[in-house]
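Trainee: Can we go through this model together? I'd like to take it piece by piece.
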Amino acid sequence: MATVKNSTGKGGARGKSSAEIYSFWELMGATTGPTRGELAHRITAMGRNGWDLAINLASIGSDGHWPHSMAVFRFANAAALEKQLKVGFADGMDERDLKWAKMKLATKLRGDLDTQHRSWLFEYVRFGSAADLAAHQGPDLLFAELYAPWQGIAMWGADSLRGLMQRELKGIGSVGKPGVLQCTGWWTTIPERVLV
Amino acid sequence: MASENDRFYLWEDIYIAPGRVTHYLGNMGNDWSFDPKLRYHLFGLFGHLRPMGHAPRGMNLWEGDWKRVTGMLTEQFGPKAPGHGFEAWWMRSNVDRAGGWDRLMLPGPGSPSIAEIAKGAPRPCVIQQIVRLRQGARDDYLEWFGKKVRPAVERVGWKPLKWMGAIHSSLAITLIAAPDWSRMADLAAAMPAPDPAWEADVETHAMQAWAGCSYLQRPLLEPGQSPKR
């Protein structure tokens with residue numbers, strides 16, 4: 001089963017070599033290739049290659065791509081990221097039959113992974129400035145892209161999909177919030193069994 | 001007035017087949033399948049790295065001029081198959097790549113040529129940014145990049161290799177390089193923010209250059225010379 005691991009709290013310090021850096025992954029599988037269970041397995045397997053997995057999520061196809069998984073990996077500091085980059089192309093990832101993959105680097109502006117949270121609204125957001133992004137209120141976790149800090153990732157968590165629904169009904173999400181120029185979001189969850 | 005001898009760039013984003021990045025880079029970089037007289041610089045070949053990009057993905061950057069590039073395209077799309085092995089190479093290479101998307105790019109003000117870049121230390125570690133801009137903002141962005149970003153990142157050991165604008169869209173692509181990855185955090189701290197009015201929507205990639213890239217060779221290779229293996 002996927003796990004949720006918390007950070008050591010050294011976030012919100014873009015450009016400081018001691019700050020944690022996060023790598024956000026999207027992996028697009030195929031019903032005729034790697035499915036959600038296989039994607040989760042491949043993500044977890046990166047731990048053997050020195051990647052520190054913080055969270056491993058399946059996207060909810062009803063509000064996103066499918067079969068599609070997300071992962072958040074954590075680098076303790078810039079030196080840990082450098083070590084991984086120096087590995088180059090032979091990083092151990094099983095790429096077979098993936099349709100596409102997308103990765104972003106970001107630093108945390110605020111929040112922490114609540115280990116009780118198993119379902120998340122995941123958003124890519126763009127603001128006019130880094131200050132506008134940092135002032136964004138509401139998400140449980142907020143990250144700024146390392147090299148474009150007016151863009152970021154917002155995460156809104158709940159203990160279950162039902163809990164996420166209840167938060168949605170009360171009103172969550174960045175769409176229409178002050179300063180948001182662009183927002184794309186979708187539901188994700190930590191599966192409770194190995195998915196097809 | 002623009003001339004057919006003016007420098008410009010072919011930027012190519014390549015959908016690499018799973019597990020084939022290293023093979024793709026060597027196969028692409030060691031081949032020229034057109035009339036040798038048309039040959040222009042293969043500036044660089046790059047593969048995306050997993051922490052930030054689209055792995056497996058590649059990028060080719062060619063530095064040429066209108067005359068030779070159009071000559072190459074005429075061979076590729078003309079009535080007669082090129083007599084220099086292009087179609088055989090294309091078929092042979094399909095195991096490495098499935099497709100891609102390309103852009104014709106003009107250099108931004110001050111963006112150096114490969115000959116100018118080859119005067120400095122080799123820089124195989126590259127941060128690429130694909131910047132989608134509000135209509136009309138592309139040229140302002142490129143001018144700002146040369147005047148503000150270039151000196152700011154050079155102060156922390158990075159060097160812009162290229163800042164280019166797509167001919168037919170409001171798109172800019174920039175490449176900033178270093179000899180190694182040791183100053184990633186310094187680069188993040190040093191990069192100025194663009195004018196919000198330009199509405200910059202940025203994709204950032206970490207890329208590693210193929211060791212045989214022309215821009216890494218010292219002395220610089222002439223088009224047509226084989227790179228070091």
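Trainee: Which strands of chain B does helix H1 lie across, and at about what angle does it run to E2(B)?
Mentor: Keep in mind that this is a predicted model. Helix H1 of chain B, residues 21–29, lies across strand E1 (7–16), E2, E3 and strand E4 (97–107) of chain B. Its direction is at about 175° to E2(B).

Trainee: And what does helix H2 of chain B touch on the sheet?
Mentor: H2, residues 66–77 of chain B, packs on the sheet and touches E1 and E3 of chain B. Its direction makes about 120° with that of E3(B).

Trainee: How many bridges join E2 to E3 in chain B?
Mentor: Six, between E2 (residues 41–48) and E3 (residues 57–65) of chain B, and the two strands run antiparallel.

Trainee: Zooming out, in what order do the strands of the chain B barrel close?
Mentor: Eight strands close it, in the order E1-E3-E2-E8-E5-E7-E6-E4, with antiparallel pairing. On average, neighbouring strands of this sheet are turned by 35° against each other, direction ignored.

Trainee: Take E7(B). Why is it described as largely enclosed by the rest of the structure?
Mentor: Because seven of the eight residues of E7(B) are buried.

Trainee: What does E7(B) pair with over eight bridges?
Mentor: E5(B), and that pair runs antiparallel. Cys125(B) stands opposite Ala178(B) of E7(B). E6(B) also pairs with E7(B) in the antiparallel sense, over six bridges, and there Lys159(B) stands opposite Ala177(B).

Trainee: How many residues does the hairpin between E6(B) and E7(B) run through?
Mentor: Four residues join E6(B) to E7(B) in that hairpin.

Trainee: Changing topic: helix H5 of chain B. How far does it reach from its first C-alpha to its last?
Mentor: H5(B) covers residues 138–154, which is 17 residues, and reaches 22 Å. That is close to the 24 Å expected at 1.5 Å a residue.

Trainee: Where is the kink in H5(B) centred?
Mentor: On Phe145(B), with a kink of about 40°. Phe145(B) is also among the buried residues of H5(B).

Trainee: Why would residues three or four places apart in an α-helix point the same way?
Mentor: Because an α-helix has 3.6 residues a turn.

Trainee: What do the buried residues of H5(B) pack against?
Mentor: Strand E5 (125–132), strand E6 (159–166), strand E7 (171–178) and helix H6 (184–190), in chain B.

Trainee: Next, domains. Where is chain B divided?
Mentor: Domain 1 of chain B is 7–106 and domain 2 is 107–209. Their centres, taken over C-alpha atoms, are separated by 22 Å. Across the boundary, 21 residues of domain 1 of chain B are in contact with 17 residues of domain 2 of chain B.

Trainee: Which strand gives the most to the side of domain 1 of chain B that touches domain 2 of chain B?
Mentor: E2(B), with seven residues. E1, E2, E3 and E4 of chain B each supply at least two residues of that side.

Trainee: Last one: how many residues does the contact between chain A and chain B take from each?
Mentor: 30 residues from chain B and 37 residues from chain A. On the chain B side, H1, E5, H6 and strand E8 (201–209) each supply at least two residues. E8(B) gives the most, with five residues.

Definitions and conventions: Residues numbered from 1 in each chain as written. Chains lettered and ligands numbered in written order. Predicted model: local features only at pLDDT ≥ 70, side-chain atom pairs only at ≥ 80, totals over all residues. Expected span 1.5 Å × (residues − 1). Bend = angle between axes of the 7 residues up to and from the residue. Buried ≥ 20, exposed ≤ 12 C-beta atoms within 10 Å, placed from the backbone. Contact = placed C-beta atoms within 7 Å. Pairing = 2+ DSSP bridges. Axes fitted to C-alpha atoms, helices over the stretch in contact; angles between N-to-C directions. Domains from an automatic or database assignment.
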